[in-house]
Amino acid sequence: MFGQAFRQPFKNAVLLLVWVWLLALVLVPNVLVVGTSLLTRDPVDFLTLPFTLENYQRLMDPLYVQVFLHSLYMAAVTTVLCLLIGYPFAWALAGVDKRWQTLLIFLLIVPFWTNSLVRTYAIKMLLAGNGLINSGLQSLGVIDQPLELLYTETAVIIGLVYLLLPFMILPLYAVFEDLKKELVMASHDLGAGRLPTFLHVIVPLTLPGVIAGVLLVFLPAMGMFYVADVLGGARNLLVGNVIKNQFLDARDWPFGAAASVLLTLAMAFLLLAHRFSRRRLGEEGA
Amino acid sequence: MKKMALVGVAALSLGLAGCSKQDQPVLNLYNWSEYMPQEVLDQFRAETGIRVIYTTYDSNEAMYARLRLLDSSSHYDLAVPSTYYVNKMRNEGLLAPIDRSQLSNFDNLDPSLINLNIDPDNAYSVPYLWGTTGLAVVADRVDPAEVTRWEDLWREDFVGRVMMTNDMREVFHVGLRVLGYSGNTRNPDEIEAAYRKLAELVPSVRTFNSDAPRMPYLEGETHVGMIWNGEAVMGQEDMPSLTYIYPEEGAIVWLDSFVIPRNARNVEAAHKFIDFMLRPEIAALVSTEIGYATPNVAGKALLEDDVRGDRTSYPTEEDLVNAEFQEDVGDEALQIYLRYWEMLKAGR
């Protein structure tokens with residue numbers, strides 16, 4: 001073992017780095033969050049003993065169940081919209097000339113150079129009652145009164161879709177890139193029409209990309225509290241808002257931590273579902 | 001190649017300039033957003049060489065939580081809590097005492113706004129600005145003459161057009177006053193009654209905003225609702241039809257004061273800054289620029305007539321009939337408020 005270790009110093013150094021990184025920046029913070037969620041609120045020192053499960057019980061309160069369900073609903077709509085836009089987008093992207101592809105992907109990534117909060121405020125300026133969209137439509141005579149866009153559920157979903165769409169497109173683009181043209185041609189040669197080819201060949205082969213995209217969109221969509229704050233007018237709460245309010249305003253860290261753990265568990269559940277579906281797909285393939 | 005080298009040198013010198021900045025004395029100021037003109041900070045730096053790092057918050061709760069958390073790390077040298085939080089933080093021993101001998105301009109302050117029961121003898125706080133929270137009406141859309149009471153916000157033709165501040169205590173203050181209770185009540189039944197009253201208003205509320213409460217009016221999204229008087233003054237620059245009204249049930253009055261956190265690193269600079277802000281000409285500049293009332297008598301005397309005579313910034317005694325100062329309600333009542341506040345915000 002040690003002989004090997006000395007023979008591959010670079011590999012081991014990298015592995016060590018990865019382990020330190022994961023331990024210090026993933027495991028330790030998460031253990032702290034779980035630990036916090038089991039403690040009791042203290043008005044002065046934030047946390048105190050005894051250990052309790054009360055914070056999790058409070059999450060079952062109809063008030064928070066309602067917020068959670070509404071957040072789930074907005075995240076689901078966001079994910080479906082991202083998928084509906086992202087799937088044909090990625091498909092078309094994989095089809096264009098290689099020279100153009102690099103440029104198009106570059107353009108897809110360019111918005112990341114600007115902070116997402118700044119971009120959220122930019123969307124706000126577009127959607128406002130006297131913003132670009134409303135004043136444009138009004139001067140064209142399409143509408144008399146400004147549309148109610150800003151501070152609505154729709155505004156939050158527009159913001160989430162805009163911010164998260166690249167996270168759907170990129171994994172889908174990767175699977176479309178790997179999709180072998182020969183398989184599609186073979187399907188056609190064997191007499192399958194466009195629809196059966198799509199359903200039985202293309203969809204199953206791109207499913208891993210779909211699942212990866214859904215995972216990357218769905219959970220962040222439940223946590224992006226600033227989108228709900230800026231575009232939803234602090235009225236369309238996400239789970240992220242509840243967590244932020246508990247930590248910053250209510251100073252109830254244990255409860256905020258419990259809500260955060262719930263979100264992490266939802267993530268774990270989705271990952272398990274992902275693994276399960278992959279295994280099932282693998283068996284079908286064999 | 002030469003160009004590249006030049007760019008490199010420029011970048012390097014910028015980097016070095018960045019380093020030398022570090023050696024200059026720094027004052028970390030934690031303040032409300034849009035609550036101090038940049039001009040004032042620049043002038044302070046030009047005179048003293050002290051660079052002010054201005055960090056912002058949009059609620060007392062957020063400010064308090066951050067100061068508690070960073071208590072031992074001496075992160076901030078000055079903060080600007082509202083009335084009732086001065087009391088709370090002083091009682092909890094979070095503040096360093098103010099050394100009056102370093103404040104040559106303290107006597108400029110209005111005697112009626114010092115030595116209040118939130119901080120007897122101003123041992124821990126120095127007033128910065130005071131203001132009111134009242135009604136705002138966009139006159140193009142709603143006739144200001146028809147809006148005189150908080151209760152008018154419940155009118156049916158305002159559905160979807162009402163703006164409330166994103167401040168739990170202020171919103172409950174409105175609900176409590178409409179029902180005839182004190183805005184500082186600790187009585188759970190009264191708080192619950194206010195919640196029920198406010199729950200009827202929430203479907204009308206377009207947005208809650210404490211970041212810049214004038215913005216939803218300027219954006220054309222809301223036509224009536226709550227606003228801070230200084231925000232109304234600032235908003236009138238872009239939208240002259242934005243009208244500020246003192247509600248009959250009583251406006252909410254608050255006083256924001258400078259405090260020094262107990263572990264502040266640069267206590268001397270903090271005192272220098274407070275004394276600088278107490279200068280009459282600086283106090284006048286601040287009040288003119290951001291529209292809140294200065295507690296500085298000498299400063300107020302320097303104001304232009306149209307600023308001093310603006311009832312939005314400087315209410316008459318008549319305007320303040322029924323008005324109430326915000327007071328600390330204690331942690332127990334606060335948790336009750338908080339619970340109902342979350343129910344209000346989640347309700348739709």
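Contact here means heavy atoms within 4.5 Å. The views below show a predicted model, in which local features need pLDDT of at least 70 and side-chain atom pairs count only at pLDDT 80 or more. Residues are numbered from 1 along each chain as its sequence is written.

**View 1. B:Met277 and its contacts.** Leaving aside neighbours within four places in sequence, B:Met277 is in contact with B:Met36, B:Val40, B:Tyr128, B:Phe258, B:Ile282, B:Ala283, B:Val286 and B:Asn296.

**View 2. The largest nonpolar core.** A nonpolar core is a set of buried Ala, Val, Leu, Ile, Met, Phe, Trp, Tyr and Cys residues joined through side-chain atoms within 4.5 Å; buried means under 20% relative accessible area (1.4 Å probe, protein chains only). Of its 90 residues, B:Tyr128, B:Phe172, B:Phe273 and B:Met277 touch the most other members. Helix 13 (residues 330-346) of chain B gives the most to this core, seven residues; helices are DSSP runs of H or I, at least four residues, and strands runs of E, at least two, numbered from the N terminus. Domain 1 (12-129 + 255-308) and domain 2 (131-253 + 315-345) of chain B, with bounds from an automatic or database domain assignment, both contribute residues, so the core lies between them.

**View 3. Strand 1 of chain B and its partners.** Seven of the seven residues of strand 1 (residues 26-32) of chain B are buried, so this strand is largely enclosed by the rest of the structure. Two strands pair if DSSP finds at least two bridges between them. Seven bridges join strand 1 to the parallel strand 2 (residues 51-57) of chain B, where B:Ile53 stands opposite B:Asn28. Two bridges link strand 1 to strand 3 (residues 78-79) of chain B, also running parallel, and B:Leu29 has B:Leu78 as its bridge partner there.

Notes: Chains lettered and ligands numbered in written order. Heavy atoms only, no water. Buried < 20%, exposed > 50% of the residue type's maximum accessible area, 1.4 Å probe, protein only.
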